[in-house]
Amino acid sequence: MGDLRVETSAKRVRAYFGGELVADATTPRLVWEIPHYPAYYLPLTSVRADLKATGETRGDGVVHDVVTPGGTASGAALTYPDSALLRDLVRLDFAAMDEWLEEDEPIYVHPRDPYKRVDVLSSSRHVRVALDGVTLAASSQPRILFETSLPPRYYLPLSDVRFDLLRPSDTQTQCPYKGTATYWSVEVNGVTHDDLVWIYRSPLPESQKVAGMACFFSEKVDLFVDGELQEKPKTPWS
């Protein structure tokens, strides 16, 4: 695994699968396998399910099935018996579990990075969104969401958005800091641009101030703030 950043969290973390408790840890470890966010590694002593080695390996990790009375999550656990840092821990695949809790609150997508911050600030700056020369929205009462390592996101009241240009989308995404987003596509000059706008109707507590407001991908539209065209950010959504 090379050099790893590992920290002990003070949060109680539980994972469930098939309606059964898989693990209940009061000293989980946060392990930054990649730079963007950590994974939870839980003490083997906190595991309530059966871990059955499959005979397979994944890199330096030994692959296990997670077996509970409610079912089997195939290949959903990794242990690293030869690692001084990780030998007494297990990594449960986040997506393979049915539910994760930090204390008594659910978490989504991946563990939250304790060094990542979300700030939502009310603003009187004038924001205009355009695409192919057509104004999609204009507002002087945006809420600007500042999230560590991401560009500012401008959330606009729905009353300031051209709803006649929006088309419903079935797309939904989840964010561990904001919750579940639903989307609209935009039709301009006879061309449909898929999933260009999103909304958090019931966001998580730290993002409550953007509830019911629309945000456009600034990577894909022309964004003007106080009349000045903003440079399109380079992100995974560019």
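Trainee: What makes the largest pocket a pocket, and how much space lies in it?

Mentor: About 700 Å³ of space lies in the largest pocket of this predicted model. On a 1 Å grid over the protein atoms alone, a pocket is an open set of points with protein on both sides within 12 Å along at least five of seven lines, whereas a cavity is a set where a 1.4 Å probe fits but cannot get out. Grid points are joined across faces, edges and corners, and the volume is the space filled by probe spheres set on the points.

Trainee: Which residues line the largest pocket closest to its centre?

Mentor: Lining residues have an atom within 4 Å of a point. There are 28 of them here, and Lys 116, Glu 147, Leu 150, Lys 178 and Trp 237 are the closest to the centre. Two or more lining residues come from each of β15 (143-147), β16 (153-156), β17 (166-175) and β18 (179-188). The most come from β17, which gives three.

Trainee: Why are these elements called strands, and how many does the protein have?

Mentor: They are called strands because they are DSSP runs of E with at least two residues, numbered from the N terminus; a helix would be a run of H or I with at least four. The protein has 22 strands and zero helices.

Trainee: How is the lining of the largest pocket divided by class?

Mentor: It has 17 nonpolar, six polar and five charged residues. Ala, Val, Leu, Ile, Met, Phe, Trp, Tyr, Cys and Pro count as nonpolar, Asp, Glu, Lys and Arg as charged, and the others, Gly among them, as polar.

Trainee: What is known of the second largest pocket?

Mentor: About 160 Å³ of space lies in the second largest pocket. Its lining has 14 residues, with Tyr 37, Ala 39, Arg 91, Phe 94 and His 110 nearest the centre. At least two lining residues come from each of β5 (39-43) and β9 (89-92). By class, the lining divides into 11 nonpolar, one polar and two charged residues.

Trainee: How many cavities of 30 Å³ or more does the structure hold, and what lines the largest cavity?

Mentor: The structure holds one cavity of 30 Å³ or more. About 60 Å³ of space lies in the largest cavity. Its lining consists of Val 129, Tyr 154, Leu 156, Cys 215, Phe 216, Phe 217, Ser 218, Val 221 and Leu 223. Both β16 and β20 (214-216) give two or more residues to that lining. Eight of the lining residues are nonpolar, one is polar and none is charged.

Trainee: Why is Pro 142 called buried?

Mentor: Buried means under 20% relative accessible area, exposed over 50%, and partly exposed in between (1.4 Å probe, protein chains only). Pro 142 has a relative accessible area of 1%, so it is buried. Its place is in the loop between β14 (134-139) and β15. Leaving aside residues up to four places away in sequence, Pro 142 touches Leu 121, Ser 122, Ser 123, Arg 125, Val 127, Tyr 155 and Leu 156, where contact means heavy atoms within 4.5 Å. The C-alpha atoms of Pro 142 and Leu 156 are 4.9 Å apart, although 14 residues separate them along the chain.

Trainee: Why is Phe 163 called partly exposed?

Mentor: Its relative accessible area is 38%, so Phe 163 is partly exposed. Phe 163 lies in the loop between β16 and β17. Beyond residues up to four places away in sequence, Phe 163 touches Leu 158 and Trp 184.

Trainee: What is the value of phi for Asp 132, and how is Asp 132 classed by accessible area?

Mentor: Phi of Asp 132 is near 50°, a positive value in a residue other than glycine. Asp 132 lies in the loop between β13 (127-131) and β14. Its relative accessible area is 48%, so Asp 132 is partly exposed.

Trainee: How do you know which residues and atoms these values rest on?

Mentor: Residues are numbered from 1 along each chain as its sequence is written, and side-chain values use heavy atoms, with hydrogens and water left out. In this predicted model, local features need pLDDT of at least 70 and side-chain atom pairs count only at pLDDT 80 or more, while totals for chains, interfaces and linings use all residues.
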